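Biologist: I would like to go through this structure feature by feature. Please give me the general idea each time, then the case at hand.

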Amino acid sequence: MKPPMRPDALDALRHALRGFAAERDWEQFHTPKNLAMALSGEAGEVIEHFQWLTAEQSADLAPEVRDAVALELADVLLYLVRLADVLDVDLVAAAERKLVINAERYPVDRARGRSDKYDRL
């Protein structure tokens, strides 16, 4: 398993995306609404690769499909990071905060081995 992304790597990606958009004069198009819509569209493209597959098939993708999924996941990440930048959201801090919230909502003794929503545990 790879280690989680380092915050400095995420920050470098944010700066690279900011520069990429600026060089192309795309800031005018990178509104929160447009970026959220693009993010949703790219997430849909990830889903397309798994539609109609069984759980087993989805866990054993052919190398070329896995590579295509990787590129779609990259698109999702890029739009997510750009949206967070435009909204001035610290993604690492928000994710860390959300993990704390989820740990409270899904205590191990009640959630282990269950997929129920927190209000049904």
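Modeller: Start with Glu42, which is buried yet has no salt bridge. Buried means under 20% relative accessible area, exposed over 50%, and partly exposed in between (1.4 Å probe, protein chains only). A salt bridge is a side-chain nitrogen of Lys or Arg within 4 Å of a carboxyl oxygen of Asp or Glu. This is a predicted model, in which local features need pLDDT of at least 70 and side-chain atom pairs count only at pLDDT 80 or more, while totals for chains, interfaces and linings use all residues. Residues are numbered from 1 along each chain as its sequence is written, and side-chain values use heavy atoms, with hydrogens and water left out.

Biologist: How far is the nearest side chain of opposite charge from Glu42?

Modeller: It is Arg82, 14 Å away. For charges, Lys and Arg count as positive and Asp and Glu as negative; His and the chain ends are not counted.

Biologist: Where does Glu42 sit, and what does it touch?

Modeller: Glu42 is in helix 2. Helices (H or I, at least four residues) and strands (E, at least two) are DSSP runs, numbered from the N terminus. Contact means heavy atoms within 4.5 Å. Leaving out residues up to four places away in sequence, Glu42 touches Glu72, Asp75, Val76 and Tyr79.

Biologist: Which residues make up the largest nonpolar core?

Modeller: First the idea. A nonpolar core is a set of buried Ala, Val, Leu, Ile, Met, Phe, Trp, Tyr and Cys residues joined through side-chain atoms within 4.5 Å. Here the largest one has 5 residues: Leu35, Leu39, Val46, Val76 and Leu83. Helix 2 (32-48) and helix 4 are the elements that give two or more residues to this core. Helix 2 gives the most, with 3 residues.

Biologist: What do Val76 and Val46 touch?

Modeller: Again, residues up to four places away in sequence are not counted. Val76, in helix 4, touches Leu39, Glu42, Ala43 and Val46. Val46 touches Glu72, Leu73 and Val76.

Biologist: And how far apart are Val76 and Asp8 in space?

Modeller: Their C-alpha atoms are 19 Å apart, and 68 residues separate them in sequence.

Biologist: Back to charges. How many salt bridges does a search of the whole structure find?

Modeller: The search finds 6. Asp11, Arg14, Arg18, Arg82 and Asp85 are linked in a network of salt bridges.

Biologist: What about Asp85 and Arg18?

Modeller: Their side chains form a salt bridge at 2.5 Å, N to O. Asp85 lies in helix 4 (residues 63-86) and Arg18 in helix 1, so the pair ties together parts that are 67 residues apart in sequence. Asp85 counts as buried, at 12% relative accessibility. Arg18 counts as partly exposed, at 36%.

Biologist: How long is the salt bridge between Asp85 and Arg82?

Modeller: It is 3.3 Å, N to O. Both residues lie in helix 4, 3 residues apart, about one turn of the helix.

Biologist: Now the surface. Which residues make the nonpolar patch of about 300 Å²?

Modeller: Patches are made of residues with over 30% relative accessible area and no salt bridge; like charges are joined within 9 Å, nonpolar side chains (Val, Leu, Ile, Met, Phe, Trp, Tyr) within 5 Å. Areas come from the Shrake-Rupley method with a 1.4 Å probe; for residues, only the protein chains shown count as cover. This patch is made by Phe20, Trp26 and Phe29. Phe20 is found in helix 1 (residues 7-23). Phe20 is partly exposed, with a relative accessible area of 37%.

Biologist: Last, the backbone. What should I expect of phi?

Modeller: Most residues other than glycine have a negative phi. Asp25 has a positive one, near 55 degrees. Asp25 lies in the loop between helix 1 and helix 2 and is partly exposed, at 46% relative accessible area. Asp88 also has a positive phi, of about 55 degrees. Asp88 is in the loop between helix 4 and helix 5 (91-105) and is exposed, at 72%.
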